[in-house]
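Let's take a friendly walk through a protein model together. Have a look at the sequence and the fold, and then read on.

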Amino acid sequence: IPSFNCSLYIHETIDSILAQEGVEALEIIVVDDGSTDDTVAKARRYGGVVRVVEQPNAGVSAARNRGIREASGDFVALVDHDDYWFPTKLAGQLAAFASHPEVDVVFSDFRRWHADSPEGPFPPPSVFAQGASPQGLDPDFSGWIYHQMLLDSWILTSTALSRAQVFTQSGLFDESLPFSEDWD
């Protein structure tokens, strides 16, 4: 979780990860990118279940890269500090990997989730219908999709689960990019 001044929402993000069903082991790493609010304190309240790594502000790409380097699992899931996962997200993705061992990245659809006001909080996740999207393989967005990705970035970083080897083989995020690092 790359984080910068997200005190209002960091607990919702962490709670949604901890609520994942059917997942045996989770390694949760919050990389605080120089926050000046109490984001770090709120993340540390979870104790040993959440590892907090602090660094001077260097941008989201540097924070993502730090988290990837710190991670020790076979899979890496990045989630932004103000995003929320439904409880079956990771289990569904892990099942897709088991069914398709040749695949390196599995991603899901997403819903835009906006704060009620600039001061927060977000509306409760229960207002969204978890099963509203079709489940399973979408043939239009599966397989070799490089040509589609050149035209538009429709994989939200927080929806992807990747084999850790993807980052070893392809490299990390370009830290010189202030945004669209995921599309790159």
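Arg163 is buried, with a relative accessible area of 16%; here buried means under 20% relative accessible area, exposed means over 50%, and partly exposed lies in between, using a 1.4 Å probe and protein chains only. Arg163 forms a salt bridge with Asp104, and their closest N and O atoms are 3.7 Å apart. A salt bridge is counted when a side-chain nitrogen of Lys or Arg lies within 4 Å of a carboxyl oxygen of Asp or Glu. Arg163 sits in strand 6 (residues 161–163) and Asp104 in the loop between helix 4 and strand 5 (105–106), so the pair ties together parts that are 59 residues apart in sequence. Asp104 is partly exposed, at a relative accessible area of 29%.

Before going further, please keep in mind that this is a predicted model: local features need pLDDT of at least 70, side-chain atom pairs count only at pLDDT 80 or more, and totals for chains, interfaces and linings use all residues. Residues are numbered from 1 along each chain as its sequence is written, and side-chain values use heavy atoms, with hydrogens and water left out.

**More salt bridges**

How many salt bridges does a search of the whole structure find? It finds 6. Three of them are set out here.

| Pair | Closest N and O atoms |
|---|---|
| Arg163 and Asp104 | 3.7 Å |
| Arg51 and Glu27 | 3.2 Å |

Take the pair of Arg51 and Glu27, joined by a salt bridge. Arg51 is in strand 3 (residues 50–55), while Glu27 is in the loop between helix 1 (10–18) and strand 2, 24 residues apart. Arg51 is partly exposed at 33% relative accessibility, and Glu27 is partly exposed too, with a relative accessible area of 39%.

**The chain as a whole**

The chain has 6 helices and 6 strands. These elements are DSSP runs numbered from the N terminus: helices are H or I with at least four residues, and strands are E with at least two. Along the sequence, the pattern reads β-α-β-α-β-α-β-α-β-α-β-α. Of the 184 residues in the chain, 36% are buried. Among contacts with a separation of 6 or more, 69% come from residues 24 or more positions apart; contact means heavy atoms within 4.5 Å.

Which residues of helix 4 are buried? They are Lys89, Leu90, Gln93 and Phe97. Looking down the axis of helix 4, these buried residues fall within an arc of 85°, so they line one face of the helix; the arc is that of the directions from the helix axis to the C-beta atoms. Their cover includes strand 4, strand 5 and strand 6. On the other side of helix 4, Ala98 and Ser99 are exposed.

**Two residues and their contacts**

Ser16 is found in helix 1 and is buried, with a relative accessible area of 2%. Setting aside neighbours within four places in sequence, Ser16 is in contact with Asp83, Tyr84 and Trp85.

Ala164 has its place in the loop between strand 6 and helix 6 (165–170). With a relative accessible area of 22%, Ala164 is partly exposed. Apart from neighbours within four places in sequence, Ala164 is in contact with Gly73, Asp74, Phe75 and Val76. Ala164 and Ala77 are 87 residues apart in sequence, and their C-alpha atoms are 9.1 Å apart in space.

**The second largest pocket**

About 590 Å³ of space lies in the second largest pocket. Of the 27 residues that line this pocket, the closest to its centre are Leu26, Glu27, Phe75, Val76 and Ala77. On a 1 Å grid over the protein atoms alone, a pocket is an open set of points where a 1.4 Å probe fits, with protein on both sides within 12 Å along at least five of seven lines, and lining residues have an atom within 4 Å of a point. Helix 3 gives the largest share of the lining, 4 residues.

How values were computed. Grid points are joined across faces, edges and corners, and a volume is the space filled by probe spheres set on the points.
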